[in-house]
Amino acid sequence: ADVERSVVAMKSRGRHVSLNYLYYPGVTDTDAELAPFLDFLRRTGVDVVQVRNLNVDPEVYERALPQGTVRAGFGVAEWMRRVSEGVPGIAYGYFNPTRQRYAEIAAARAALAR
């Protein structure tokens, strides 16, 4: 509720909102998690979702969750497709360069080395 109030306050002032979303396969990429997230995005008008991995030891994390929490998820690509379909115009971000950007950087460095 606090996050939602903050997002709504920022959007009501015409500000850009980028939301960090911690993604964990089999937890956040399930219908049970996606539906309320889509509702949140629609209600608040978030501009960008920055998808982050949870960066935790999976065995430790899964032992800490209630039994049956981790299910067969539909994967990050399908999750992003569904979010884009459910919230047209939503943008995605990530601080780390994409695989394509890494290739561009490597090509530029190789060209400089010649």
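I take helices (H or I, at least four residues) and strands (E, at least two) as DSSP runs, numbered from the N terminus. Ala 64 is found in helix H3, residues 58–64.

**Ground rules.** I note that this is a predicted model, in which local features need pLDDT of at least 70 and side-chain atom pairs count only at pLDDT 80 or more, while totals for chains, interfaces and linings use all residues. Residues are numbered from 1 along each chain as its sequence is written, and side-chain values use heavy atoms, with hydrogens and water left out.

**Ala 64.** I call a residue buried under 20% relative accessible area, exposed over 50%, and partly exposed in between (1.4 Å probe, protein chains only). Ala 64 counts as exposed because its relative accessibility is 64%.

I count two strands as paired if DSSP finds at least two bridges between them. I find an open sheet of 3 strands in the order E1-E2-E3, with parallel pairing. E1 and strand E3 (91–93) stand at the edges with a single partner strand each, so one side of each has no neighbour in the sheet. On average, neighbouring strands of this sheet are turned by 35 degrees against each other, direction ignored. For such angles, axes are lines fitted to C-alpha atoms, for helices over the stretch in contact, and angles run from 0 to 180 degrees between N-to-C directions.

I then went through the pairs. E1 and strand E2 (residues 48–53) pair in the parallel sense over 6 bridges. Across this pair, Ser 18 stands opposite Val 48, Tyr 21 has Val 51 as its bridge partner, and Leu 22 stands opposite Arg 52. H2 packs on the sheet, where it touches E1 and E2, and its direction makes about 175 degrees with that of E1. Contact here means heavy atoms within 4.5 Å. E2 and E3 pair in the parallel sense over 3 bridges, and Val 49 stands opposite Tyr 92 in E3. I find E2 mostly covered, with 5 of its 6 residues buried.

**Ser 18.** I looked at Ser 18 in E1 separately. Ser 18 counts as partly exposed because its relative accessibility is 35%. Leaving aside neighbours within four places in sequence, Ser 18 is in contact with Val 48 and Gln 50. Ser 18 and Tyr 92 are 74 residues apart in sequence and 8.8 Å apart in space, C-alpha to C-alpha.

**Thr 30.** Where does Thr 30 lie? I find Thr 30 in the loop between strand E1 (18–23) and helix H2 (31–44). Thr 30 is buried because its relative accessible area is 7%. Not counting residues up to four places away in sequence, Thr 30 touches Arg 71, Gly 73 and Phe 74.

**The core.** I take a nonpolar core as a set of buried Ala, Val, Leu, Ile, Met, Phe, Trp, Tyr and Cys residues joined through side-chain atoms within 4.5 Å. The largest one has 17 residues, of which Phe 37, Leu 41, Val 46, Val 49, Trp 79 and Val 83 touch the most other members. E1, H2, E2 and helix H4 (76–86) are the elements that give two or more residues to this core. H2 gives the most, with 5 residues. I also listed contacts of Val 49 beyond four places in sequence; among them are Leu 19, Tyr 21, Phe 37, Leu 41, Trp 79 and Ile 90.

**H4.** Which residues of H4 are buried? They are Trp 79, Val 83 and Gly 86. These cover an arc of only 70 degrees around the axis, so they sit on the same side of H4. The arc is that of the directions from the helix axis to the C-beta atoms. On the other side of H4, Ala 77 and Glu 85 are exposed. I find that the buried residues of H4 pack against E1, H2, E2 and E3.
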